[in-house]
Amino acid sequence: MAMRLIFLGPPGAGKGTQAQIISENHQIPHISTGDILRAAVSQKTPLGKQAKDYMNRGELVPDALILNLIQDRLSYEDTANGWILDGFPRNVNQAAFLSELLAKLDQNADFVLNLEVPDEVLVSRLLERKRKDDNEETIRRRLEVYHQDTVPVINFYQQRDALKTIDGDRTMEEVADQLNEAISSGF
Ligand code: AMP
């Protein structure tokens, strides 16, 4: 049976690592809009050229660029068994677009997982990570954008879908166990 998961959480919560584990365990593609955008930037594609400055500033890339990208990606053959979305949706407009897209495809997201980590923990984790957009100023801006644009997405799903919040301020193994338990319990 197909499994479709939406993974929410602030930057630095460990979504990428955990989504990769879930992807391998359930044999579903891990779709990270951040990874797709970083690949586009390093290949200097038209998308990459348009996205780069927003990413370096810690701003969201405009929806006009992201919505096409996700619509394309969800039409690939490897999505027949489902997927885990990491980094999308990032605002309520993206969430509404995804709901409409899935309805058109006659699909549904099965679960929404929400990783919670306090801001001060995120800042120190992100400073250790040393990605190109991980300097202190950009980190602070990414967290502001998260609170302003992405936290409302949690409410959006709370009202319409099965949403489970997991404490992400633990070891990688503990968080992986909690997520696994949540998924297998079917909420
Ligand atoms: P991430 O790897 O998910 O932290 O994403 C890195 C950067 O890519 C973000 O700070 C945004 O600039 C951009 N980005 C990734 N996903 C999205 C999205 N769904 N909407 C807008 N911008 C995004």
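I count a residue as buried under 20% relative accessible area, as exposed over 50%, and as partly exposed in between, with a 1.4 Å probe and protein chains only. By that rule I put Lys130 down as exposed, because its relative accessible area is 67%.

**Ground rules.** I am working on a predicted model, where local features need pLDDT of at least 70, side-chain atom pairs count only at pLDDT 80 or more, and totals for chains, interfaces and linings use all residues. I number residues from 1 along each chain as its sequence is written, and side-chain values use heavy atoms, with hydrogens and water left out. My helices (H or I, at least four residues) and strands (E, at least two) are DSSP runs, numbered from the N terminus.

**Strand 3.** I looked up residues 82-86 and found strand 3 mostly covered, with five of its five residues buried. Which residues lie on each side of strand 3? I find Gly82, Ile84 and Asp86 on one side, and Trp83 and Leu85 on the other. Both faces are covered. As a reminder to myself, side chains in a regular strand alternate between the two faces of the sheet.

**Pairing.** I take two strands as paired if DSSP finds at least two bridges between them. Strand 1 (residues 3-8) runs parallel to strand 3, and five bridges join them. In this pair I noted Trp83 as the bridge partner of Arg4. Strand 2 (residues 30-32) is also parallel to strand 3, with three bridges. Here Leu85 of strand 3 stands opposite Ile31.

**Ligand.** I call a residue near a molecule if one of its heavy atoms lies within 4 Å of it. I get 15 residues around the ligand, and the closest are Thr33, Arg38, Glu59, Gly87 and Gln94. Helix 2 (residues 33-42) gives the most to this shell, with four residues.

I then listed polar contacts, meaning pairs of N or O atoms within 3.5 Å; within protein, one atom must be able to donate a hydrogen and the other to accept it, and residues adjacent in sequence count only if both atoms are side-chain atoms. Arg38 has a polar side-chain atom 2.9 Å from an oxygen atom of the ligand. For Glu59 I read 2.6 Å between a polar backbone atom and a ligand oxygen atom. At Gly87, a backbone N or O atom lies 2.9 Å from a nitrogen atom of the ligand. How much of the ligand's accessible area does the protein cover? I have 95% of the 480 Å² that the ligand has on its own, by the Shrake-Rupley method with a 1.4 Å probe.

**Loops.** I placed Gln27 in the loop between helix 1 (15-26) and strand 2. Gln27 counts as exposed because its relative accessibility is 62%. From Gln27 to Asp78 I have 9.8 Å, C-alpha to C-alpha, at 51 residues apart in sequence.

Where does Pro89 lie? I find Pro89 in the loop between strand 3 and helix 5 (92-104). The peptide bond joining Phe88 and Pro89 is cis, with omega about 0 degrees.

I also checked for positive phi outside glycine. Lys44 has a phi of about 55 degrees and lies in the loop between helix 2 and helix 3 (46-57). I list Lys44 as exposed because its relative accessibility is 61%. Lys130 has a positive phi near 60 degrees, and I place Lys130 in the loop between helix 6 (119-129) and helix 7 (136-160).
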